[in-house]
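Please open the model in your viewer and keep the selection tool at hand. The stops below say what to select next and what is there.

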Amino acid sequence: MEIVLALAIGILTGSGVWLILRPRTFQVIVGLSLLSYAVNLFIYAMGRLRVDAPPVVGRGGSADPSQLVDPLPQALVLTAIVISFAMTALLLVVLLASRGLTGTDHVDGKEPD
Amino acid sequence: MGAWSDQLIVAPILVPLAASGLLLLLEERQKTAKRVISAVATLLLVLISFLLFQGVVTAGMDGAPVTRTYLVGDWPAPFGIVLVVDWLSVLMLTLTGILGFTSFLYATARWDAAGPRFHALFLLQLAGLNGAFLTGDLFNLFVFFEVLLAASYGLMLHGSGEARVKAGLHYVSINVATSLLFLIGASLIYGAAGTLNMADLATRIPAIPRSDLALFQAGMGILGIAFLVKAGMWPLGFWLPSTYSAATPPAAALFAILSKVGIYAVLRVYLLLFGTTDSPMPNFGGEWLLYGGMATIAFGTIGLLAARTLSRLAGFSIIISSGTLLAALGSGEGAVLGAVLFYLVSSTLALSAFYLLVELVERQETGLVPSAVAEPVFDDEYVGTQSAIDDGEVGIVIPATVAILGGGFAFCALLLAGLPPLSGFIAKFAIIDGLLGLDERIAASTWTLIALIILSGLATLIATTRAGIDLIWAPSDKPQPVLRIAEAAPVGLLLAICLALMIFAGPVMNYMERTGRSLEDREGYIRSVAGAARAHPPAGQP
């Protein structure tokens, strides 16, 4: 499972970095989204990978830490997802404004000569 | 300390947040109501930060521990969210309060009408800044960074227009990417150390197993990159001058402290975690800060000399200021910390005033007269109003507006260049003095740094003089612009504070040195955070 997750994070990051270095604004946004997926998975992995373990103690359940998965990275991921989602939405608005004002979708607002 | 003064710690975040929410409920046409609400909020912030400041100073002068904590939600320290007030954070809070008030005042003259919801974003920005200065753990630092960044995106784009949207697109993209780096760094640290609370982290560093140490260092390095992008260190700060010069003046004046948030984070995190000599990696990253800071000063100096507009000139001054701070921090901590903090305060105030002035001067150059009714000019003794009538010796009567702008401009230039007798000089002198007193044998890198600091001052002087002659002395037959009191007063206020920094340099320096020492006293910080008492301890516990 580790290798699958590591490959997924690696591929997402690689594609994301390639895309944010592209000259079109839409590519940059997609790149940033891919990067944020990769980062979210990465945060998740930093809480150690466990299958079928609950993050919170159930009613009447045992409080044995070895039976539980670390809940903190999950809370962090939740925050990170919300924030990066909002930022992507904002960036889309700026992208549209830039397209409307400059008439091009180049990141510098003008086509290279 | 009564119960209410303990609640005061969270007020710098809650007041602007609540006021910002309230403003969103109001209709866009209710301009007066909006201005009143945000005036009340910004004034309250100044008052609150002053009260906190006073609390720290009174406690500190008695020799009592000044670090106070606030457990949000009353969860004990390493598990819940903790806010920490100490020497450094009250200093930054007060600085934010002052800049918030002056920028707000300036905005009411005309810029808040340039687009919708200026005040709501502005207050949100203040909430984010205050939160970043108060928080005691890394993840909340990230959250407050995001709050202040989200607000700054809005403020940056305020007023719209092609230049702003173009610069804004770069600014938002770079900062979103930086935030991702922040997250990677924070999660690596969590993975290696198992905590994100700064005080808890400091105690756990020696216990990190050798095999995980590289992971931890990588996390710290990546986190550092995220901070340094905010601070505008070379080569991470190319976005800064164009972004800040595209923003509206009141927003840019507030952004002057935005780049200092990065410096604050470096100060807080790196001194707490790596300052001790017995930690497994003493002075981690110090060389990067030193050489990076020196490269930043060099880049800023060259950019400054090449800048063709005043606002770009101000942007490169911010870069020089960041570079000086980072390099001085990296060179050797203890001896220069007090001076570094003095420089931080003085240069932030001067840069904020400069951004406000820049627009006034450029407006006068283009002859763009504001349409609304103007107030008479303010009379402030040190900006040189007395030269308004010059006995006709030169044959030209210098109009009062130009005199005020010119006086303020000269004042700012002296502050930024670090010429005596103003506070900029005292700050730079103290830094150089501290650097020279570091060791018996002064390292080559220290000499280089001192030379760079002095050269950057010279370049600032050349660049500002050139621009000043061009824009203020050159005769123009354009219609005389009028200055409003709401525009002149904030600049006057900021410069007056700089003047006060110079006059009361002794006590201020004393405070800064106490702050520097408190940053060295890691044990005290860790003890206060770890031993934070809960307001309502659960039954059965002492």
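Begin by selecting helix 12 (residues 286-306) of chain B together with helix 13 (residues 310-331) of chain B, which pack at an angle of about 155° with their axes 7 Å apart; helices here are DSSP runs of H or I with at least four residues, strands are runs of E with at least two, and both are numbered from the N terminus. The axes are lines fitted to C-alpha atoms, for helices over the stretch in contact, and the angles run from 0 to 180 degrees between N-to-C directions. That angle makes helix 12 of chain B roughly antiparallel to helix 13 of chain B, given that angles under 35 degrees count as roughly parallel, over 145 as roughly antiparallel, 65 to 115 as roughly perpendicular and the rest as oblique. The crossing of these two helices of chain B is left-handed, a term used if the near helix is turned anticlockwise from the far one by less than a right angle, with right-handed used if clockwise.

This is a predicted model, in which local features need pLDDT of at least 70 and side-chain atom pairs count only at pLDDT 80 or more, while totals for chains, interfaces and linings use all residues. To find your way, note that residues are numbered from 1 along each chain as its sequence is written, that chains are lettered from A and ligands numbered from 1 in the order in which they are written, and that side-chain values use heavy atoms, with hydrogens and water left out.

Next, select helix 7 (residues 162-193) of chain B and helix 10 (residues 239-246) of chain B, whose axes are 9 Å apart and which pack at an angle of about 135°. Helix 7 of chain B and helix 10 of chain B are therefore oblique to each other, and their crossing is left-handed. Ala163(B), Arg164(B), Ala167(B), Tyr171(B) and Ile174(B) of helix 7 meet Trp239(B), Ser242(B), Thr243(B) and Ala246(B) of helix 10, and this contact divides into six nonpolar, two polar and one charged residue.

Is Thr195(B) buried or exposed? Thr195(B) is buried, with a relative accessible area of 5%; buried means under 20%, exposed over 50%, and partly exposed in between, with a 1.4 Å probe and protein chains only. Residues up to four places away in sequence aside, Thr195(B) touches Ile189(B), Tyr190(B), Asp200(B), Leu201(B) and Arg204(B). Of these, Asp200(B) lies in helix 8 of chain B and is buried, with a relative accessible area of 16%; apart from neighbours within four places in sequence, Asp200(B) is in contact with Pro78(B) and Thr195(B).

Then select Glu359(B) in helix 14 (residues 333-366) of chain B, a residue that is buried, with a relative accessible area of 13%. Beyond four places in sequence, Glu359(B) touches Tyr106(B), Arg110(B), Trp111(B) and Pro249(B).

The following stops concern the backbone. Most residues other than glycine have a negative phi, and most peptide bonds are trans. A cis peptide bond, with omega about 0°, joins Trp234(B) and Pro235(B), and Pro235(B) sits in the loop between helix 9 (210-231) and helix 10 of chain B. The bond from Pro420(B) to Pro421(B) is also cis, with omega near 5°.

Finally, turn to chain A, which has three helices and zero strands, and select Arg48(A) in the loop between helix 2 (25-45) and helix 3 (71-102). Arg48(A) has a positive phi of about 70° although it is not a glycine, and Arg48(A) is partly exposed, with a relative accessible area of 48%. Asp52(A), found in the loop between helix 2 and helix 3 of chain A, has a positive phi of about 60° and is exposed, with a relative accessible area of 80%.

Definitions and conventions:
Contact means heavy atoms within 4.5 Å. Ala, Val, Leu, Ile, Met, Phe, Trp, Tyr, Cys and Pro count as nonpolar, Asp, Glu, Lys and Arg as charged, and the others, Gly among them, as polar.
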